[in-house]
Amino acid sequence: MESTININQDAEASSDKIQVVAFQLGNEEYAVDILKVQEINRLMTITRVPRAGEFIEGVVNLRGNIIPVINLHKKFNLAPAGEADDKRIIVFQFDEMKAGIIVDKVSEVLQINADNIEETVKVYTSIDAEIIKGIAKVDNRLLILLDLQKLLGIEVI
Amino acid sequence: MKMDMSQYLDVFLEESKEHLGSLNARLLELEKDPSDSSGLNEIFRAAHTLKGMSSTMGFDDVADLTHHMENVLADLKAGTLRVNSRVVDTLFQCFDRLQLMVDNIEKSGKGMMDNTDLISILGNIKSGNYEAAAVAEKELVVESKQNNPSLPGLGNEGHSFIFNDYDIAVFKEAISQEFLVQYLKVEVEQSCIMKAVRAFMVFKALEEEGEIVKSIPSAQDLDEGKFEGTFEIVYLTKNDINTVMEKVKHISEIKAVEIKELNLDSAPAEKPSGKQVQNTEESQGNSAELNSNKVQAHKVKQTVRVDIDRLDQLMNLVGELVMHKGRLEQIGATQKVSDLNETIEQIDRISTDLQSVVMKVRMVPIEQVFNRFPRMVRDLARDLGKEVDFLIEGKETELDRTVIDEIGDPLVHLLRNALDHGLESSQERVSKGKPVQGNVVLRARHEGNNIYIEVEDDGGGIDVRTILNKAVEKEMITAKEAEQLSKEEAIDLLFASGFSTAKNVTDVSGRGVGLDVVKTKIESLSGEIFVDSKPGLGTRFRIKLPLTLAIIQALMVAVKDEIYAIPLSSVDETTLITNEEIKMIQKQEVIMLRGNVLPLYRLTQLINVPGDFDRDEEMYVVVVRKGDRQIGLVVDTLIGQQEIVIKSLGRLFVGISGIAGAIVAGDGNVRLILDLNTLF
C-alpha cells in the first residue's frame, strides 16, 4: 500500500494531475511523462550497434547528435502491431542523457488524475515491473506508465 | 585604490605556471652546473616576475616568499653566496610551496599560506654569509660613489621594489620639487628583541623631514614585527644621503644602513638601476638586459591566449563542415554536374586547409608535460638511492591538446617503472661493469600521422623467466602454458591487471596497478604501447599515439547491409583473396600473405551481422595491425577512404567492445567505427 500513497503524494505536489504522452506498443497502451519527452520523430534509419544489449535497437542521428534507441517490444516481449507509417521514435531526455523508444503509434496527450494511478505491484509480478511506475485508468482504458529513469538504467551492453 | 583583479586571474595563473616551469627547469640546471650564471639570471628573473605579478594581484604570501627567494638569489648572483646543495634544496622547497599556492589560487582563488618556515631558512642562508656580503656591498657603495655620484652603488643586489606608473609619476613630481628619491635598506641587530619598535623609530625619524612612499615589508607588517631583520624603504626627502644616514644611525640597535639615490632617468634596459624602475610589463626588457652577455635563450613570440572551449567549438564546427562536404561530394558524384564538382573541389581544398589550421592551433608542445619530469626523476632517484642521468629529447614535438591532457599519468607510471624496476641498484650496476649512473631517456617524435613517445632505460632488461614465474604464482597462467608462451607473449603479461614483478613493493611503484592502467589509458586515446627489452642492456616502452582524436582518415567497408569505418592508421593494406587460398590451422582460418601466415577473421561473425552466412568465391581482406600482430579482416566490399569526424556514442554505451565511436555519414546515417584493440 505504501507505494500507492507515495505516487499520490508525488502527484499532489504537481497539482494532482500529470500530463502524459500515450502510445501503443503491440496491443497495449503505454504512457510517459510529457515533461521528459523532447520530441516525437518519424521512424528513421537505425544503425545497429553490434555487441550491444538485446533491448538496444541501435543508434540514430538526430541533427548531428547520436542517440540510442531502445526496443521495448523486446523488453516486454510484445509483437509489433499497426501500420508501418504510424511508427514513431519518442525521444526523451533524462539528466542530460537522451534516448529514444520505438512505438507502434502515438495516440494522444492526456491529463491523468493522480488518484487514478494504480500501484504496479498488484498488477505485475514480473521483473518488468521495475521500469513501470503505475497503471493509469482513463475512462475505460488502462495506460501503463513508464519510469524513464529506470528505463535508461537497463543493461545496454 | 582597489581594483577588481579577477579578470586578470587567468592570465596570472597561466603566466605563473610558465614562470614556475622555467624556475624548475633552471633550478635543475643550476644544480648540475652551479657556475651557470645565465641559469641563475633566469631563475632570478622568473622569481622577480612572479613576485611582481603576485603582489599586483594581491597574493601577498606568494610575493613575500618570492621576495625572500630573490634576496638569496641576488646574493648568489653577486657571488657572495655559493650555490650548494642546501641552497638548491631550499630553493626547490620554495618552488614546491609556490606551486602549491598557485594551485590553491587556481582552485579557490586564495593563495594564503604560512611560509615563515621557508622564509626563516632563506634568512638563515642569507645571514649565514651576511658579513661577507655586507663588506662586499659597502665596498661597492664607496666605489660607485666615487665613480658616479648620480648613480649610487647598487651593490650587486637589486632592491625588491616594483614601481608602477603612478609611483614613477609621484617620484618625478617629487624630483621636480627638488626632493631626492632615496632607497634605504636597514638592518636591525640580530639580537634585537623589539624589532618592530626599531622599525617604527626609523620611520618616525625619517618622516620628520620627508615622506616614506613605500616599504617592504609593508608598514603594517613592520609594525607587527613580521620581518627578518631587514627592511627596505623608498624615501622622499630634501636631505642628502649622508644626513639621512646619520639620522638613522643614531637609532640604537641598527646594525647597518645602506642608502642609494634612485635614478629615474636611466633607461630600464641599459643600466642595472633599470631594475629598480620597472613593473611586470617591462620584464621582457629586463630579461634582455639579464641575458645581454649571453645568447638570448628564449625568443618571445606574439601570442594570444584563447579559451580551450572556444577551440573545441571551432573544431566541432569544422567537423560539421567536413561532414557536409562529404555529403556534397556524394551529391556531386551522383548528379554529375561539372560546375558543382568544381565548386566542391574548391570547398574541399579550403576545408582541408581550414582543418589543418585549426588542428595546428590546438597543437601544444609536449614540453608542457615533459617539463615536470626532470624534477620528479631527480626526487625519485634520490629516494631510491640511484644515480640517474635523465635525458629528454624532442620536447618541442606537438600534440593535440586533448592528448596532452591525458598523457601525463601514463608517462609518470612508465618513468617510475624505469627508475624503480628498470634500473638496477648502484651496487648491481658496478658489479656488472656498467657505469654507476643509469640512463633514462624520454623521447618524443613525429612519424607520419602519429607521434611516438619512448621511455628507455639502460637497466637490466625484462627477465622473461621472472615474469612467467610470477604469472604462474599468481595463477594467471598454468606452468604448462608458461612453457609455451613466446617472449613477446610473456612480456605482454606485464600489462595484465594485478601484475607486479618488483621483488619489494616500494612506495614508488609495484602496487601491481601500473602497466595495465597505462595500457588502458593509451588505448582509450586510440594509441598503442609496445615493449622492447634486451636482457642486461635495458628496456624501452614505446607509445604510439594519433596526432589528433577529432578528425581521422578511415577506410569504409561494408558487410551485408552494414557499413563500418576502420581507422586508416591501423590498416596496412587491402587485398583480394579467393576461397582456395584459405587454409585451416587449429580451427583458425589463415592465408599466406607474401610468405607470412595471416590469421583471418570474418567481420560478419565478429559482430554478428544478422542474415545467412554465405561463402563467396572471392573476398576482400583488410590487413590491420593490432599491436605488433597483423590480422586479416574479411569484409564484403571496400567502399573507400574518407575523412571522418568522430563522435562519442554517449554514456549508455561506455565500455562496449569492438566499437570506438560513431560518425554521421554524408547521407545522414550513423556509421560505427571499429575498435581493433577490442574487436578480436
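What follows is a chat about a sheet, a helix and a chain contact in a predicted model.

Visitor: What are the ground rules here?
Guide: The model is predicted; local features need pLDDT of at least 70 and side-chain atom pairs count only at pLDDT 80 or more, while totals for chains, interfaces and linings use all residues. Residues are numbered from 1 along each chain as its sequence is written, with chains lettered from A and ligands numbered from 1 in the order in which they are written.

Visitor: Which strands form the open sheet in chain B, and in what order?
Guide: The order is β6-β8-β9-β11-β10 of chain B, with mixed pairing. Strands are DSSP runs of E, at least two residues, and helices are runs of H or I, at least four residues, numbered from the N terminus. Two strands pair if DSSP finds at least two bridges between them.

Visitor: Which strands stand at the edges?
Guide: β6 (388-393) and β10 (528-534) of chain B do; each has a single partner strand, so one side of each is left without a neighbour in the sheet.

Visitor: In what sense do β10(B) and β11(B) pair?
Guide: Antiparallel, over seven bridges. Lys534(B) has Gly538(B) as its bridge partner in β11(B).

Visitor: What does helix α15 of chain B touch on the sheet?
Guide: Helix α15(B), residues 373-384, touches β6 and β8 of chain B, and its direction makes about 165° with that of β6(B). Contact requires C-beta atoms, placed from the backbone, within 7 Å. Axes are lines fitted to C-alpha atoms, for helices over the stretch in contact, and angles run from 0 to 180 degrees between N-to-C directions.

Visitor: Which residues of α15(B) are buried?
Guide: Phe373(B), Pro374(B), Val377(B) and Leu380(B) are buried, where buried takes 20 or more other C-beta atoms within 10 Å of the residue's own, exposed takes 12 or fewer, and partly exposed is in between. They cover an arc of only 130° around the axis, which puts them on the same side of α15(B); the arc is that of the directions from the helix axis to the C-beta atoms.

Visitor: And what is exposed on the face turned away from that side?
Guide: Asp379(B) and Arg382(B).

Visitor: New topic. How many residues does each chain give to the contact?
Guide: Chain A gives 17 residues and chain B gives 22. On the side of chain A, β4(A) supplies the largest share, three residues.

Visitor: How do the chain A residues divide by type?
Guide: There are 11 nonpolar, four polar and two charged. Ala, Val, Leu, Ile, Met, Phe, Trp, Tyr, Cys and Pro count as nonpolar, Asp, Glu, Lys and Arg as charged, and the others, Gly among them, as polar.

Methods: Two residues are in contact if their C-beta atoms, placed from the backbone, lie within 7 Å.
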